[in-house]
Amino acid sequence: GAVTALIHDLRVVLGIFALWRIEVGIPFVAAILTILGYSINDTIVVYDRIRENLRHSKEDDPYEELVERSLWQTLSRTLNTTVTTLLALIAVHVFGGPTLRPFTLALIIGFLSGTYSALFVASPCVIWWERRRVARVLVAAAPAASVPTATEVAPEALVEKPPAPAAPAHDRRRGHRRPRRRR
């Protein structure tokens, strides 16, 4: 989920810069690396809260509700951090020189995208991952009788195939008989 969120953030920033045809240079690379670090930090905070809530939850609590509760618990922290950082970035973007504008613009877009992806991309990914894990455990724990047999899976496998044509009795190239194969 965290890697998916990182890819999302990277594609958003690169996509906007490509659409607006803004020149990319060394400061842009620094901004991208900063965005990736910021995004992974936000995602780790959310995942850590999910892990903490998982420890204190009951076994019959739905996993989706646990993730939602964790998101609500980290939402104020995430929004406060993002808003504070964005205020500083907007000030640098407005009052800084023209050489800083592509750098700060990439950071502004990336921090907004990183906040979004930590909450709305990474968390659904972890829910999807947990559903897959539970499905695999259920399949592995299923009794052998419920596993479909080969005839249920592929009934055409029961159809008899015609026998292969028999080899000629004489080897015409050498003029002698070939020995017969045993079956």
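Trainee: Is Ile 90 buried, partly exposed or exposed?
Mentor: Ile 90 is partly exposed, at 42% relative accessible area; buried means under 20%, exposed over 50%, and partly exposed in between (1.4 Å probe, protein chains only). Mind that this is a predicted model, where local features need pLDDT of at least 70, side-chain atom pairs count only at pLDDT 80 or more, and totals for chains, interfaces and linings use all residues. Residues are numbered from 1 along each chain as its sequence is written, and side-chain values use heavy atoms, leaving out hydrogens and water.

Trainee: Where does Ile 90 sit?
Mentor: In helix 3, residues 63–95; helices are DSSP runs (H or I, at least four residues), numbered from the N terminus.

Trainee: OK, new topic. Thr 104, buried or exposed?
Mentor: Buried, with a relative accessible area of 1%. Thr 104 lies in helix 4, residues 101–120.

Trainee: And what does Thr 104 touch?
Mentor: Leu 89, Val 92 and His 93, leaving out residues up to four places away in sequence; contact means heavy atoms within 4.5 Å.

Trainee: Which residues have the most contacts inside the largest nonpolar core?
Mentor: Among them are Val 13, Phe 17, Phe 28 and Leu 89, in a core of 15 residues. Such a core is a set of buried Ala, Val, Leu, Ile, Met, Phe, Trp, Tyr and Cys residues joined through side-chain atoms within 4.5 Å.

Trainee: Which element gives the largest share of this core?
Mentor: Helix 4, with 6 residues.

Definitions and conventions:
Helices (H or I, at least four residues) and strands (E, at least two) are DSSP runs, numbered from the N terminus.
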